[in-house]
Amino acid sequence: MRIFIAGLATETNTFSPIPTGWSGFKEQRVWFRNDGSRQPPVAGNVPLITWRRLAEADGHEVVESLCTFAQPAGTTLRHVYEGLRDMLLDDLRRAGPIDVVLLFMHGAMVAHGYDDCEGDTLAHVREVVGPQAKIGIELDLHCHLTELMRRSADAIITYKEYPHIDMAERAAELYALCTRAARGEVTPVTAYHDCRMISMWRTPQEPMRSFVERMQLLEGKDGILSISFGHGFPWGDVEEVGAKMVVIADGDRLKAEALAKRLGDEIWAMREATSTRHDTIDEGIDRSLSGQGGPVVLADVADNAGGGAPSDNTAILARLVDRGVKDAVIGCFWDPQAVAFCVEAGEGATFPLRIGGKCGPSSGDPVDLMVTVRRLDPDFTQTGLSGGRASFGPSAWVSADGIDIVLVSRRQQTFAPDAFTGLGISLADKALVVVKSTQHFHAAFAPVAREIRYVAAPGAIPPDYANIPFSKRTRPYWPRVTDPFAPTNALQEPAA
Ligand SMILES: [Zn+2]
């Protein structure tokens, strides 16, 4: 069998002020032309590593194209998306006859002129390989599952876990399903169920933990080949945004549709229990200051670089300063200019520094502080999601009035405590630690936290799902309306 593999991914926050261009896709440790599967694991190449390993073990021939995963940001430039897609298609045409195509894409990539980059890529791939070849795609669960994707691919599998710890397992399942289909052993047919919901679901916590396990128990028996819950990515202004269940059955569309609806109904029934309670900034600070025994970790969810936010919003920092809070640490601010000023001033220098608030209205106003530069690192890293080192580039630890602040030059969410301790900041003696992340920080920070709280501060990805200013989604959804399944034809106006 001849198997073609490629990765082309980013998650687009269409409300983010940061354009996604060539530099995002061609960053060091992000861009691989034909050998991504032969490199050490970074998030973007994990599926390709899995596919090559399995295919070679089975004696198949692997043809590999590009592999790249740009840090989530704003809408991708049109010529950049078209350039990347055409590179992949050129490789595919040159490859000659192919039995199976396995793609790793995010599922929420938007480019100027393309609301559905994954569907567009899949449709072009289908044109090249013809109707007989099997096409499978692995997606992040924060995806927009579109009809064009469903029609163009034989199999769509999303991660089941958030945090995304199961990229390799899902890749292996996609490989098995597509190679079985190529041998004629199964006939995958895919059904969606639109849950009519826009929210976030945290899978380590109940009742989602049990739901994930229930999905897995149903797979591989009674003609059910695969089940995915596409949580959706709320901050994409596209028509098909929202949560969907995906069921792939063996040749039986009605069976797939029935199970997708049944599981979608379960998600609907759990909607209140799975919703995250968010504190206001002051509630989060108050919580941290009352009680002892290690820091409270406050997640600044609205400024998560992993959702395309700039990571330079100052709302929580400004409030800490206004309230005179001591024993606090906050990071990581994406502010290369401030880092450059710190490098110029040098370790030990005390000088007035303007921090954050630089990218756009969602960043808030900059905060001016008299800071002392405590530590500089020309190539600072933290532990990434896949366990490797994730680069912040030149970075600085500055302190002002009892608040320690980490400033970095490469935009990235805060994954692990060594984003602070790696510069010499101790966490155990702090009252609160503010991390710019939505969920991926959770596993590594839980052991050092007295408690973890989610804070709804202003930012580019506010967790206010009822009021995201969509211009393209026309179907009603919860929580904007109480019952999106009630007969109605138009999206109702948000409540005042
Ligand atoms: Zn995701």
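Helices (H or I, at least four residues) and strands (E, at least two) are DSSP runs, numbered from the N terminus. In these terms, Arg-196 sits in the loop between β6 and α7. The model is predicted, so local features need pLDDT of at least 70 and side-chain atom pairs count only at pLDDT 80 or more, while totals for chains, interfaces and linings use all residues. Residues are numbered from 1 along each chain as its sequence is written, and side-chain values use heavy atoms, with hydrogens and water left out.

**Backbone**

- Most residues other than glycine have a negative phi, and most peptide bonds are trans.
- The bond from Tyr-162 to Pro-163 is cis, with omega near 15°, and Pro-163 lies in the loop between β5 (155-158) and α6 (167-182).
- A cis bond also joins Glu-206 to Pro-207, with omega near 5°; Pro-207 belongs to the loop between β6 (188-194) and α7 (208-218).
- Arg-196, a residue other than glycine, has a positive phi near 55°.
- Arg-196 has a relative accessible area of 27% and is partly exposed (buried means under 20% relative accessible area, exposed over 50%, partly exposed in between, with a 1.4 Å probe and protein chains only).
- Ser-311 is not a glycine, yet its phi is positive, at about 65°.
- Ser-311 is placed in the loop between β9 (296-300) and α10 (315-322), and Ser-311 is buried, at 0% relative accessibility.

**Second largest pocket**

- A pocket is an open set of points on a 1 Å grid over the protein atoms alone, where a 1.4 Å probe fits, with protein on both sides within 12 Å along at least five of seven lines; lining residues have an atom within 4 Å of a point.
- The second largest pocket holds about 150 Å³ of space, a volume being the space filled by probe spheres set on the points, which are joined across faces, edges and corners.
- Its lining includes Ile-198, Ser-199, Met-200, His-278, Asp-464 and Trp-478.
- The lining residues divide into 7 nonpolar, 4 polar and 1 charged (Ala, Val, Leu, Ile, Met, Phe, Trp, Tyr, Cys and Pro count as nonpolar, Asp, Glu, Lys and Arg as charged, and the others, Gly among them, as polar).

**Domains**

- The domain assignment gives domain 1 (2-269) and domain 2 (281-455), with bounds from an automatic or database assignment.
- Contact (heavy atoms within 4.5 Å) takes 22 residues from domain 1 and 21 residues from domain 2.
- The C-alpha centres of domain 1 and domain 2 are 33 Å apart.
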